[in-house]
Structure formats: C-alpha cells, structure tokens
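I opened the model to look up a few things and kept notes as I went. The entries below are in the order in which I made them.

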Amino acid sequence: MSDLLLSAEPAPEVLAAFEEATGFMPVDEGLALYAAAVEAARTTGLPVLEIGTYCGRSAILLAAAAVEAGTVALTVDHHRGSEEQQPGWEYHDPTLVDPEVGLMDTLPRFRRALHAAGLEEHVVALVGRSPRIAALWGRPLGLVFIDGGHTDEHATGDYEGWVPHLAPEGLLVVHDVFPDPADGGQAPYRVYLRALAEGFEEVSVTGSLRVLRRSAR
Ligand SMILES: C[S@@+](CC[C@H](N)C(=O)[O-])C[C@H]1O[C@@H](n2cnc3c(N)ncnc32)[C@H](O)[C@@H]1O
C-alpha cells in the first residue's frame, strides 16, 4: 500500500451537511473520499468527478474538497435511480418519485442539498447516462469516483468510460467493494481487481471504499 498521506478533513459544517443529506455513505467512508479528493485535486490541479450523484451526499464532500484545492467537482447521474432503487427493490425511497411522470427524480433533492451546504457554485451537474457523457468528455481529471450503477454492465462501463480521462497520479475511488459476496454485489469488486491488474496502486481501504492511484507514467 502507498504511503500517500490522505489526511485532510472537512469543516464541521460540511460534515453536518453530508450527514443531513439523503444517501447511504457512512461517515468514515465520506471522510476517506474527502481526503482523497483534496489530495488528488491538489496534486494534479484538475477537477474531480463522480459517477452517481443520487441526492448529493458524496457530492457535498467532493465540492468542499474542490474548494479547498481551487478546482471544481463534476457529478454524473441520469437521476432516474439504479436498479436497486426502483419501486419494489431494497433501496427504493418513495419520496424520490416524481408524481407527474411516475419515475424517480433525485435531481431536485440533490440541488436542495448543495444549496443548503452553500456549495452550489462549486459543482457542475452532468445529467445523463454515464457512458454517453464519458464518450463526449475531452479533459483530464484528477479523481474519478465510481458509485453509479452496480451491475457489471454499468460499473465496467464507468471504468472503461472514465479511467482514460484520469491524469497520471490521479486517484480512482471505487465504492461498495465487497470481496465477500455475502456482503454485497461483486461488480465494483471486479472493477477494483481490474484496476489493480492494470497497474493502479492501492492507497487506502475504508469500509467498502477503495482509493487507488494511477502511476505517474
Ligand atoms: C448508489 S447511488 C449514488 C450515491 C451517491 N454517490 C451518494 O453517496 O450519496 C447510484 C446513482 O447512480 C445513478 N446511475 C446508475 N446508473 C447510471 C448510469 N448508467 N449513468 C448515470 N447515472 C447512473 C443512479 O441514478 C443513482 O442515483
């Protein structure tokens, strides 16, 4: 494991906004994500990007890290929810259904959360399907955080679509990595293993959150 020091901590009001926001990420993983984002943005001077905005819980931390490093956070989501967030599934939240169209819409809750945190100006929301946006993207990134769809199709698509845009020494963060299938789905774990096999170096492990660094070459 690398000796890279991931030690930055968010301000108390940022942490409070994170805890207030709708979402699933526990605090210890959020702190690790924040530290990685500050580190990556400072090292590369480049924007940080997440796939999987949902209601903005992790985006709050990425935005605060971007402020700290003088850059911007980008967050990608179609805002219609992943498979497991649809009606009848384990992670469905009926308060997130748009009654007019009858589909999930997490965009309003995300916007409110970023506004409440005072971080709206520091986030660019990219609304659409991750592979489509990745295919149009043409700028290097300091950090890519994969937390979108958790099927093999989506997780692999996110990896293949966005990792080519990650700068040398940039950080790749993968959420919901469960080596034991009893703990959760395996698609993010397979992406993590692939990244290691393709030369990424592990920087930190916090719960199911893995931080990996791209080599300098
Ligand atoms: C687990 S949630 C993200 C949680 C968020 N990072 C947080 O910590 O609060 C996954 C999100 O990915 C989005 N998503 C799933 N597949 C996607 C795709 N192919 N393109 C864009 N967004 C996608 C879903 O709409 C959902 O909001």
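What follows are my entries on one strand, the salt bridges, one leucine and the ligand.

Entry 1, conventions. I am working with a predicted model, in which local features need pLDDT of at least 70, side-chain atom pairs count only at pLDDT 80 or more, and totals for chains, interfaces and linings use all residues. Residues are numbered from 1 along each chain as its sequence is written, and side-chain values use heavy atoms, with hydrogens and water left out.

I took helices (H or I, at least four residues) and strands (E, at least two) as DSSP runs, numbered from the N terminus. I looked up how covered E7 (residues 166-174) is, and found 7 of its 9 residues buried. Buried means under 20% relative accessible area, exposed means over 50%, and partly exposed is in between (1.4 Å probe, protein chains only).

I then looked for the partners of E7, counting two strands as paired if DSSP finds at least two bridges between them. Strand E6 (residues 141-146) runs parallel to E7 and is joined to it by 5 bridges. In that pairing I noted Ile 146 with Val 174 as its bridge partner in E7. Strand E9 (residues 209-213) pairs with E7 in the antiparallel sense, over 4 bridges. There I found Val 173 opposite Val 211 of E9.

Together with helix H6 (residues 152-162), E6 and E7 make a right-handed β-α-β unit. Right-handed here means that, with the strands pointing away from the viewer, the path from the first strand over the helix to the second runs clockwise.

I counted a salt bridge where a side-chain nitrogen of Lys or Arg is within 4 Å of a carboxyl oxygen of Asp or Glu. The structure holds 6 of them.

I looked up Arg 190 and found it bridged to Asp 152, with the closest N and O atoms 2.9 Å apart. This pair links distant parts of the chain, since Arg 190 is in helix H7 (residues 187-197) and Asp 152 in helix H6, 38 residues apart. Arg 190 is partly exposed at 44% relative accessible area, and Asp 152 is partly exposed at 35%.

Next I noted Glu 201 with Arg 213, where the closest N and O atoms are 3.0 Å apart. Glu 201 lies in strand E8 (residues 201-206) and Arg 213 in strand E9, so the pair ties together parts 12 residues apart in sequence. Glu 201 is partly exposed, at 34%. Salt bridges with shared partners join Glu 160, Arg 194 and Glu 198 into one network. Within it, Glu 198 and Arg 194 have their closest N and O atoms 3.0 Å apart.

I found Leu 107 in helix H4 (residues 107-116), partly exposed at 25%. Leaving aside neighbours within four places in sequence, Leu 107 is in contact (heavy atoms within 4.5 Å) with His 79 and Val 127.

Which residues are closest to the ligand? I counted 18 residues around it, the closest being Gly 52, Ser 58, Asp 77, Ser 130 and Asp 147; near means a heavy atom within 4 Å. A backbone N or O atom of Gly 52 lies 2.7 Å from a ligand nitrogen atom. For Ser 58, a polar side-chain atom is 2.8 Å from a nitrogen atom of the ligand. A polar backbone atom of Gly 149 is 3.3 Å from a ligand nitrogen atom.

Note on methods
A polar contact is a pair of N or O atoms within 3.5 Å; within protein, one must be able to donate a hydrogen and the other to accept it, and residues adjacent in sequence count only if both atoms are side-chain atoms.
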